[in-house]
Amino acid sequence: MGNIQIIRGVFDTQLELQDARVVAGFPSPADDYAHETLDFNRDYIRHPEASFYGKVEGMSMKDAGIFDGDRVIIDRAVEPHDGSIVVGFLNGDFTMKYLDLKHKNDGYIELKPANPDFPVFKITENDDFEVWGVVIHLIRTFEEV
């Protein structure tokens with residue numbers, strides 16, 4: 001069942017990149033003087049002590065734009081809500097799915113894939129289940145260097 005590999009990240013080092021704008025028209029001469037930076041940790045990691053990378057394995061979330069080989073940033077300090085993409089620990093395996101809480105009053109919740117070829121997991125009190133974290137960012141590599 002597992003379709004995500006959890007990887008501990010190091011989020012306490014500074015990684016600053018020059019802000020590169022993609023211009024669809026004519027570039028402005030003032031762009032040569034732009035010095036805004038992107039700090040990965042400041043801009044994307046709210047809770048370093050509770051953040052992890054996940055390496056996606058499989059295609060169960062393809063219709064959400066998450067593909068095999070992508071990396072996601074998972075934050076364990078974020079409270080999940082109905083519709084969150086979560087990493088769940090279900091009966092000994094990690095899985096990444098949409099959290100569906102619509103049936104909570106009926107005694108179960110569901111973990112739904114973003115691919116109709118994969119099953120929906122109906123979670124009851126008999127399952128060993130925990131929402132392990134919430135997927136907050138997606139990282140995709142288009143070309144290996």
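Q: In which order do the elements of the chain run from the N terminus on?
A: This is a predicted model, in which local features need pLDDT of at least 70, side-chain atom pairs count only at pLDDT 80 or more, and totals for chains, interfaces and linings use all residues. Residues are numbered from 1 along each chain as its sequence is written, and side-chain values use heavy atoms, with hydrogens and water left out. From the N terminus on, the elements run β-β-β-α-β-β-β-β-β-β-β.

Q: What is the order of the strands in the open sheet?
A: The open sheet has eight strands with antiparallel pairing (two strands pair if DSSP finds at least two bridges between them). Strands of a sheet pair through backbone hydrogen bonds, either parallel or antiparallel. Here the order is β1-β4-β5-β10-β6-β7-β8-β9.

Q: Which strands stand at the edges, each with a single partner strand?
A: An edge strand has one partner, so one of its sides is left without a neighbour in the sheet. In this sheet, that applies to β1 (4-8) and β9.

Q: Which residue stands opposite I6 in β4?
A: β1 and strand β4 (residues 51-56) run antiparallel and are joined by five bridges. Across this pairing, I6 faces G54.

Q: Which residue stands opposite K55 in β5?
A: β4 also pairs with β5 in the antiparallel sense, over five bridges. The residue opposite K55 is R71.

Q: Which residue stands opposite F89 in β10?
A: Strand β6 (residues 85-90) pairs with strand β10 (residues 129-139) over five bridges in the antiparallel sense. In β10, the residue opposite F89 is E130.

Q: With which residue does R76 form a salt bridge?
A: A salt bridge is a side-chain nitrogen of Lys or Arg within 4 Å of a carboxyl oxygen of Asp or Glu. In this one, the closest N and O atoms are 3.2 Å apart. The pair links distant parts of the chain, 54 residues apart, with R76 in the loop between β5 and β6 and its partner in strand β10. That partner of R76 is E130.

Q: Is D70 buried or exposed?
A: D70 forms a salt bridge with R140, with 2.7 Å between the closest N and O atoms. The two are 70 residues apart, D70 in the loop between β4 and β5 and R140 in the segment after β10. R140 counts as partly exposed at 30% relative accessibility (buried means under 20% relative accessible area, exposed over 50%, partly exposed in between, with a 1.4 Å probe and protein chains only). Because its relative accessibility is 4%, D70 counts as buried.

Q: How many salt bridges does the structure hold?
A: Side chains of opposite charge can pair when their charged atoms come close. One of the pairs is R42 with D43, at 2.8 Å from N to O. Salt bridges also link D82, D100, K102, E110 and K112 in a network. The number of salt bridges in the structure is eight.

Q: Which residues form a nonpolar patch on the surface?
A: F118 lies in the loop between β8 (109-112) and β9 (121-123), and counts as partly exposed at 35% relative accessibility. A patch is made of residues with over 30% relative accessible area and no salt bridge, joining like charges within 9 Å or nonpolar side chains (Val, Leu, Ile, Met, Phe, Trp, Tyr) within 5 Å. The patch has about 230 Å² of accessible area (Shrake-Rupley method, 1.4 Å probe; for residues, only the protein chains shown count as cover). Its residues are M59, F67 and F118.

Q: What is the phi of N91 near?
A: N91 has its place in the loop between β6 and β7 (93-100), and counts as partly exposed at 42% relative accessibility. Its phi is positive although the residue is not glycine, with a value near 50°.

Conventions. Helix = DSSP H or I, 4+ residues; strand = E, 2+ residues; numbered from the N terminus.
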